[in-house]
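Here are my notes on this model, as numbered points. Please read them with the structure open.

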Amino acid sequence: MPFLLPTYHRRSHRERVALAAVVIPPPESLRQELLKQGQDIVDTVADGNCGLDAFGHGLASVASRNRRLYQTEAYKKFSKAKTAGHGRMMLHLRQACIAQMMKMKDTKLWDGVDFKSLAVMMSSEKEDFSSYIKRMGTDRCWVDASALHALGCHFRIDVLIWQEN
């Protein structure tokens, strides 16, 4: 099941501090391409939780059109957190992400590579897996592709990330 993380960020993933209430809209060419494909476009606040915020918007959008996702226990818990407010939704998604990464840590992805090794290799920091997990669990820490993969596994959905070149 495809879905969209409807945001684009011009800032480097290495920039750890972003001003609250700063919105980084997608370039117009990307916006037009996504609209042609019938994708939802939502600007997210660039506060470090932008990836999770985009994931949450995309998840809710897809669930509104997909009864199977909407009826899952994982989505029902997410929806309850979302209804409780933005902060609660961010906390829920981070906790779900961390729990899923811990569950998958020894899962073999291909010969010689398990999830734990891949997450550490893809991390923007030089750290071991426990440090990586601690960092990903920190509010306003930018999530990476491994974290988004874990959320996709948790909700049993495909995650697509759109960006211009």
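1. Burial first. Buried means under 20% relative accessible area, exposed means over 50%, and partly exposed lies in between (1.4 Å probe, protein chains only). C50 is buried, at a relative accessible area of 3%. C97 is buried too, at 2%. Across the protein, 43% of the 165 residues are buried.

2. Ground rules. This is a predicted model, in which local features need pLDDT of at least 70, side-chain atom pairs count only at pLDDT 80 or more, and totals for chains, interfaces and linings use all residues. Residues are numbered from 1 along each chain as its sequence is written, and side-chain values use heavy atoms, with hydrogens and water left out.

3. Overall layout. The protein has eight helices and four strands. Helices (H or I, at least four residues) and strands (E, at least two) are DSSP runs, numbered from the N terminus. Along the sequence the order is β-α-α-α-α-α-β-β-α-α-α-β. Contact means heavy atoms within 4.5 Å. Of the contacts with a separation of 6 or more, 60% join residues 24 or more positions apart.

4. The core. A nonpolar core is a set of buried Ala, Val, Leu, Ile, Met, Phe, Trp, Tyr and Cys residues joined through side-chain atoms within 4.5 Å. The largest one holds 32 residues, and L93, M101, L151 and F155 touch the most other members. Two or more residues each come from helix 2 (50–63), helix 4 (73–84), helix 5 (86–104), helix 6 (115–122), helix 7 (129–136) and helix 8 (145–155). Helix 5 gives the largest share, eight residues. L151 touches L52, F55, L93, A96 and C97, leaving out residues up to four places away in sequence.

5. Helix 6 against helix 8. They pack at an angle of about 145°, with axes 9 Å apart. Axes are lines fitted to C-alpha atoms, for helices over the stretch in contact, and angles run from 0 to 180 degrees between N-to-C directions. Helix 6 contributes F115, L118, A119 and M122, while helix 8 contributes A145, S146, H149 and A150. Six of these contact residues are nonpolar, two are polar and none is charged. Here Ala, Val, Leu, Ile, Met, Phe, Trp, Tyr, Cys and Pro count as nonpolar, Asp, Glu, Lys and Arg as charged, and the others, Gly among them, as polar.

6. For C97, the nearest cysteine sulfur is that of C141, 9.9 Å away.

7. Around helix 1. P25 sits in the loop between strand 1 (4–5) and helix 1 (28–36). P25 counts as partly exposed because its relative accessibility is 30%. Its C-alpha atom is 9.3 Å from that of I41, 16 residues apart along the chain. R31 belongs to helix 1. Beyond four places in sequence, R31 touches P25, P26, I41 and D43. The C-alpha atoms of R31 and W162 are 10.0 Å apart, across 131 residues of chain.

8. H92. Where is H92 found? In helix 5. H92 counts as buried because its relative accessibility is 12%. Neighbours within four places aside, H92 contacts A74, K77, F78 and A81.

How values were computed: Disulfide = S-S within 2.5 Å.
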